[in-house]
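Here is a friendly walk through one protein chain, written for someone who likes to know the cut-offs behind each value. Please keep the viewer open while you read.

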Amino acid sequence: FEPALKLQGDKAKGRVLFEARCAMCHPLDANAISVGPNLAGMNTRPKEALLVDVVDPGSQVAPDFAAYTIILKDDEPLAGLIIAENESRVTLPRPNEPDAVVPRARIGEIRATGRSLMPDGLEEGMSLGDMADLLAFLAGGQF
(Lines give C-alpha, C1' and ligand atoms only; values in the text may rest on other atoms or scores of the structure.)
Protein backbone atom coordinates (compact mmCIF):
# COMPACT_ATOMS: atom_id res chain seq x y z
CA PHE A 1 0.00 0.00 0.00
CA GLU A 2 3.02 2.31 0.01
CA PRO A 3 2.07 3.72 -3.45
CA ALA A 4 -1.17 5.00 -1.85
CA LEU A 5 0.93 7.58 -0.02
CA LYS A 6 1.52 9.36 -3.34
CA LEU A 7 -2.14 9.47 -4.31
CA GLN A 8 -4.51 12.32 -3.56
CA GLY A 9 -7.19 10.84 -1.33
CA ASP A 10 -10.80 11.91 -0.96
CA LYS A 11 -11.65 12.64 2.72
CA ALA A 12 -15.38 12.03 2.22
CA LYS A 13 -14.76 8.58 0.72
CA GLY A 14 -12.23 7.92 3.48
CA ARG A 15 -14.86 8.71 6.10
CA VAL A 16 -17.19 6.12 4.56
CA LEU A 17 -14.38 3.52 4.70
CA PHE A 18 -13.57 4.52 8.27
CA GLU A 19 -17.19 4.17 9.34
CA ALA A 20 -17.39 0.71 7.73
CA ARG A 21 -14.08 -0.67 9.00
CA CYS A 22 -12.98 1.30 12.04
CA ALA A 23 -15.81 3.14 13.80
CA MET A 24 -16.97 0.11 15.77
CA CYS A 25 -13.90 0.55 17.97
CA HIS A 26 -13.00 4.18 17.21
CA PRO A 27 -16.37 5.97 17.08
CA LEU A 28 -16.51 9.45 15.62
CA ASP A 29 -19.07 10.49 18.24
CA ALA A 30 -17.04 11.75 21.20
CA ASN A 31 -19.79 10.58 23.57
CA ALA A 32 -19.83 7.01 22.27
CA ILE A 33 -18.11 4.15 24.07
CA SER A 34 -14.72 3.55 22.52
CA VAL A 35 -12.90 0.24 22.67
CA GLY A 36 -9.82 1.52 20.86
CA PRO A 37 -7.71 4.61 21.45
CA ASN A 38 -9.15 8.04 20.80
CA LEU A 39 -7.94 9.10 17.36
CA ALA A 40 -8.02 12.84 18.03
CA GLY A 41 -4.67 14.23 17.01
CA MET A 42 -4.07 11.68 14.27
CA ASN A 43 -3.61 14.55 11.84
CA THR A 44 -0.29 15.34 13.52
CA ARG A 45 1.16 11.99 12.47
CA PRO A 46 2.73 11.56 9.04
CA LYS A 47 0.74 9.53 6.54
CA GLU A 48 3.52 6.93 6.50
CA ALA A 49 2.94 6.29 10.22
CA LEU A 50 -0.83 6.15 9.71
CA LEU A 51 -0.35 3.57 6.97
CA VAL A 52 1.70 1.37 9.31
CA ASP A 53 -0.99 1.76 11.99
CA VAL A 54 -3.62 0.49 9.56
CA VAL A 55 -1.77 -2.39 7.91
CA ASP A 56 0.28 -3.53 10.93
CA PRO A 57 -1.74 -2.66 14.04
CA GLY A 58 0.42 -4.83 16.27
CA SER A 59 3.64 -2.97 15.50
CA GLN A 60 3.07 -0.48 18.35
CA VAL A 61 0.63 -1.24 21.14
CA ALA A 62 0.20 1.19 24.00
CA PRO A 63 -0.02 -0.67 27.33
CA ASP A 64 -3.55 0.64 27.94
CA PHE A 65 -4.69 -0.98 24.70
CA ALA A 66 -3.00 -4.37 24.92
CA ALA A 67 -5.51 -7.16 24.52
CA TYR A 68 -6.12 -9.91 27.04
CA THR A 69 -7.60 -13.34 26.68
CA ILE A 70 -9.60 -14.65 29.58
CA ILE A 71 -10.27 -18.37 29.63
CA LEU A 72 -13.25 -19.19 31.76
CA LYS A 73 -13.34 -22.36 33.82
CA ASP A 74 -15.76 -23.85 31.27
CA ASP A 75 -13.07 -23.20 28.57
CA GLU A 76 -15.00 -20.30 27.00
CA PRO A 77 -12.52 -17.64 25.83
CA LEU A 78 -13.17 -13.90 26.05
CA ALA A 79 -10.92 -11.33 24.42
CA GLY A 80 -10.72 -7.65 25.15
CA LEU A 81 -9.13 -4.86 27.09
CA ILE A 82 -9.26 -4.94 30.86
CA ILE A 83 -10.72 -1.59 31.85
CA ALA A 84 -11.50 -2.40 35.47
CA GLU A 85 -10.69 -5.14 37.90
CA ASN A 86 -10.90 -5.82 41.57
CA GLU A 87 -10.76 -8.86 43.83
CA SER A 88 -14.21 -10.03 42.71
CA ARG A 89 -14.48 -9.25 38.98
CA VAL A 90 -12.82 -8.16 35.73
CA THR A 91 -14.46 -5.87 33.17
CA LEU A 92 -13.69 -5.94 29.45
CA PRO A 93 -15.28 -3.55 26.94
CA ARG A 94 -16.01 -5.19 23.61
CA PRO A 95 -16.90 -3.74 20.22
CA ASN A 96 -20.59 -3.93 19.36
CA GLU A 97 -21.36 -5.82 22.57
CA PRO A 98 -22.01 -4.89 26.18
CA ASP A 99 -19.01 -4.89 28.49
CA ALA A 100 -18.17 -8.33 29.79
CA VAL A 101 -18.18 -8.28 33.59
CA VAL A 102 -16.66 -11.57 34.66
CA PRO A 103 -16.66 -12.81 38.25
CA ARG A 104 -13.17 -13.97 39.21
CA ALA A 105 -14.68 -17.23 40.42
CA ARG A 106 -15.46 -18.09 36.76
CA ILE A 107 -11.95 -17.25 35.49
CA GLY A 108 -9.51 -20.06 34.87
CA GLU A 109 -6.72 -18.01 33.32
CA ILE A 110 -5.91 -14.47 32.18
CA ARG A 111 -3.32 -14.03 29.45
CA ALA A 112 -1.87 -10.80 28.08
CA THR A 113 -1.57 -11.20 24.31
CA GLY A 114 0.87 -8.35 23.77
CA ARG A 115 -1.17 -7.51 20.68
CA SER A 116 -3.68 -4.91 19.73
CA LEU A 117 -7.38 -5.70 19.61
CA MET A 118 -7.30 -4.15 16.15
CA PRO A 119 -7.28 -7.17 13.88
CA ASP A 120 -4.75 -7.70 11.13
CA GLY A 121 -6.20 -7.63 7.64
CA LEU A 122 -8.55 -4.65 7.89
CA GLU A 123 -7.04 -3.48 4.62
CA GLU A 124 -8.06 -6.64 2.77
CA GLY A 125 -10.17 -5.86 -0.28
CA MET A 126 -9.08 -2.23 -0.36
CA SER A 127 -7.61 -0.70 -3.49
CA LEU A 128 -4.73 1.78 -3.46
CA GLY A 129 -7.33 4.50 -4.00
CA ASP A 130 -9.32 3.28 -1.01
CA MET A 131 -6.23 3.41 1.18
CA ALA A 132 -5.40 6.91 -0.08
CA ASP A 133 -8.94 7.97 0.82
CA LEU A 134 -8.72 6.46 4.31
CA LEU A 135 -5.35 8.10 4.93
CA ALA A 136 -6.73 11.44 3.73
CA PHE A 137 -9.55 11.13 6.24
CA LEU A 138 -7.26 10.11 9.11
CA ALA A 139 -4.78 12.88 8.31
CA GLY A 140 -7.59 15.41 7.94
CA GLY A 141 -8.27 15.75 11.66
CA GLN A 142 -11.95 14.79 11.50
CA PHE A 143 -12.05 13.54 15.08
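The report below goes from the overall chain to its sheets, and then to selected side chains.

## Ground rules

This is a predicted model, in which local features need pLDDT of at least 70 and side-chain atom pairs count only at pLDDT 80 or more, while totals for chains, interfaces and linings use all residues. Residues are numbered from 1 along each chain as its sequence is written, and side-chain values use heavy atoms, with hydrogens and water left out.

## The chain as a whole

The secondary structure comprises 3 helices and 6 strands. Both kinds of element are DSSP runs numbered from the N terminus, with at least four residues (H or I) for a helix and at least two (E) for a strand. Reading from the N terminus, the order is α-α-β-β-β-β-β-β-α.

Along the principal axes, the C-alpha atoms fill a box of roughly 55 × 30 × 25 Å. The accessible surface is about 8400 Å², and carbon and sulfur atoms hold 51% of that surface; such areas come from the Shrake-Rupley method with a 1.4 Å probe, and for residues only the protein chains shown count as cover. Of the 143 residues, 32% are buried. Here buried means under 20% relative accessible area, exposed means over 50%, and partly exposed lies in between (1.4 Å probe, protein chains only). Among contacts (heavy atoms within 4.5 Å) with a separation of 6 or more, 62% join residues 24 or more positions apart.

## Two open sheets

Strands of a sheet pair through backbone hydrogen bonds, either parallel or antiparallel. For the pairing used here, DSSP must find at least two bridges between two strands.

Strand S1 (residues 66-72) joins S6 through 6 bridges in the antiparallel sense, and isoleucine 71 faces glutamate 109 of S6 across the pairing.

Strand S4 (residues 89-94) runs antiparallel to S5, with 5 bridges between them, and valine 90 stands opposite valine 102 in S5.

## An aromatic pair and a buried histidine

How many aromatic pairs are there? The count is 1, where rings of Phe, Tyr and Trp (its six-membered ring) pair if their centres lie within 6.5 Å, with planes under 30 degrees apart called stacked, over 60 edge-to-face and the rest tilted. The ring centres of phenylalanine 18 and phenylalanine 137 are 5.3 Å apart and the planes stand at 45°, so this pair is tilted. It links distant parts of the chain, since phenylalanine 18 belongs to helix H1 (residues 11-21) and phenylalanine 137 to helix H3 (residues 128-139), 119 residues apart. Phenylalanine 18 is buried at 0% relative accessibility, and phenylalanine 137 is buried at 1%.

Histidine 26 sits in the loop between H1 and helix H2 (47-55). Is histidine 26 buried or exposed? With 13% relative accessibility, histidine 26 counts as buried. Beyond its neighbours within four places in sequence, histidine 26 contacts Phe18, Ser34, Gly36, Pro37 and Leu39.

## Salt bridges

The model has 6 salt bridges, each a side-chain nitrogen of Lys or Arg within 4 Å of a carboxyl oxygen of Asp or Glu. One of them joins arginine 15 to glutamate 19 at 3.0 Å, N to O. These two residues are 4 apart in helix H1, which means about one helical turn separates them. Arginine 15 is partly exposed at 35%, and glutamate 19 is partly exposed at 40%.

Another salt bridge links aspartate 53 and arginine 45 at 2.7 Å, N to O. Aspartate 53 is partly exposed at 23% relative accessibility, and arginine 45 is partly exposed at 29%. Aspartate 120 and arginine 115 also form a salt bridge, with the closest N and O atoms 2.7 Å apart. Here aspartate 120 is partly exposed at 48%, and arginine 115 is partly exposed at 36%.
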